[in-house]
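Please look at the sequence and the model below.

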Amino acid sequence: MLSRDDVFSELGIGPAWRLRETLPASRAPLVAPQSPSYTWDQLADAVAHCTACKLSATRTQGVLGVGDRNADWLIIGEAPGADEDRIGEPFVGQAGKLLDAMLASIGLRRGDNVYIANVLKSRPPGNRNPEPDEVAACRPYLLAQIELIRPKLILALGRFAAQSLLDTDEAISRLRGRVHQFQNVPLVVTYHPAYLLRNLPDKARAWEDLCLARRTMQALVTA
Ligand code: SF4
């Protein structure tokens with residue numbers, strides 16, 4: 001039987017991805033020791049009442065996440081959009097429908113062994129890009145989610161989520177196609193569904209990413 005390290009080795013995850021430290025605070029990776037321990041109720045309450053960054057002044061509500069709290073799959077996007085801010089659930093609307101279709105293509109369903117969250121829990125006004133201080137302020141909530149869920153695999157959707165989680169400026173085209181690691185959890189990068197709605201030819205590449213994620217999960221489950 002393969003050990004977890006054997007699986008990582010098979011998947012091409014090298015030690016460099018396991019040791020990300022001593023970076024400047026503004027670029028610090030999302031490391032567990034900064035994360036307080038929460039129960040789910042405490043976490044939901046904290047996000048609902050959070051005023052740790054300026055987005056609290058413009059959001060309708062904090063959007064913690066949705067799905068199976070014991071999921072093997074953790075899907076992480078960028079931040080709530082207008083619909084998500086209004087409804088209180090990540091990935092609704094057209095992008096949400098496409099995400100559901102992407103999940104279905106590899107035999108997954110929202111809420112069934114899948115949890116969906118964002119790097120930021122509050123909507124940036126006008127859907128502008130998240131700012132570094134906002135990401136830093138929201139970091140403990142994402143870490144707490146990972147601590148609670150203990151997923152087997154993370155699927156990062158889009159450039160922003162991938163770069164934030166992996167603490168890199170590399171283009172998404174260079175981050176795709178390999179298995180990274182975040183918080184000791186294998187991580188695969190693919191395009192954000194909202195991007196794919198505008199760039200249909202890249203759907204084929206997203207399919208390749210989903211297949212990589214599925215293969216990775218199968219290897220982990222087998223191990
Ligand atoms: S984005 Fe995160 S840190 Fe900022 S107000 Fe919302 S929950 Fe708090």
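From strand S2, Trp 73, Ile 75 and Gly 77 point one way, while Leu 74 and Ile 76 point the other way, and all are buried. Buried here means under 20% relative accessible area, exposed over 50%, and partly exposed in between, with a 1.4 Å probe and protein chains only. In a regular strand the side chains alternate between the two faces of the sheet. In terms of cover, 5 of the 5 residues of S2 are buried. Strands (E, at least two residues) and helices (H or I, at least four residues) are DSSP runs, numbered from the N terminus.

The model is predicted: local features need pLDDT of at least 70, side-chain atom pairs count only at pLDDT 80 or more, and totals for chains, interfaces and linings use all residues. Residues are numbered from 1 along each chain as its sequence is written, and side-chain values use heavy atoms, with hydrogens and water left out.

S2 belongs to an open sheet of 6 strands in the order S1-S3-S2-S4-S6-S5, with mixed pairing. Strand S1 (66–67) and strand S5 (180–182) stand at the edges with a single partner strand each, so one side of each has no neighbour in the sheet. Two strands pair if DSSP finds at least two bridges between them. S2 (residues 73–77) is joined to S4 in the parallel sense over 4 bridges, and Ile 76 stands opposite Ala 156 in S4. S2 and strand S3 (residues 114–118) also run parallel, with 5 bridges; the partner of Trp 73 in S3 is Val 114.

Helix H6 (residues 158–166) is mostly covered, with 8 of its 9 residues buried. Among them are Phe 160, Gln 163 and Leu 166. The buried residues of H6 pack against S2, H5, S4, helix H7 (172–175), S5 and strand S6 (185–190), where contact means heavy atoms within 4.5 Å. Asp 167 follows H6 and has a positive phi, near 55°.

Lys 152 lies in the loop between helix H5 (132–149) and strand S4 (153–157). Lys 152 counts as partly exposed because its relative accessibility is 32%. Leaving aside residues up to four places away in sequence, Lys 152 touches Asp 72, Val 185, Pro 186, Met 217, Leu 220 and Val 221. Asp 72 is 80 residues from Lys 152 in sequence, yet their C-alpha atoms are 4.7 Å apart.

Which residues surround the ligand? They are Cys 50, Ala 52, Cys 53, Leu 55, Ser 56, Arg 59, Lys 121, Ser 122, Ala 137, Cys 138 and Tyr 141, each with a heavy atom within 4 Å of the ligand. By class, this shell has 7 nonpolar, 2 polar and 2 charged residues; Asp, Glu, Lys and Arg count as charged.

For the protein as a whole, the secondary structure comes to 9 helices and 6 strands. Of its 223 residues, 48% count as buried. Among contacts with a separation of 6 or more, 75% are between residues 24 or more positions apart.
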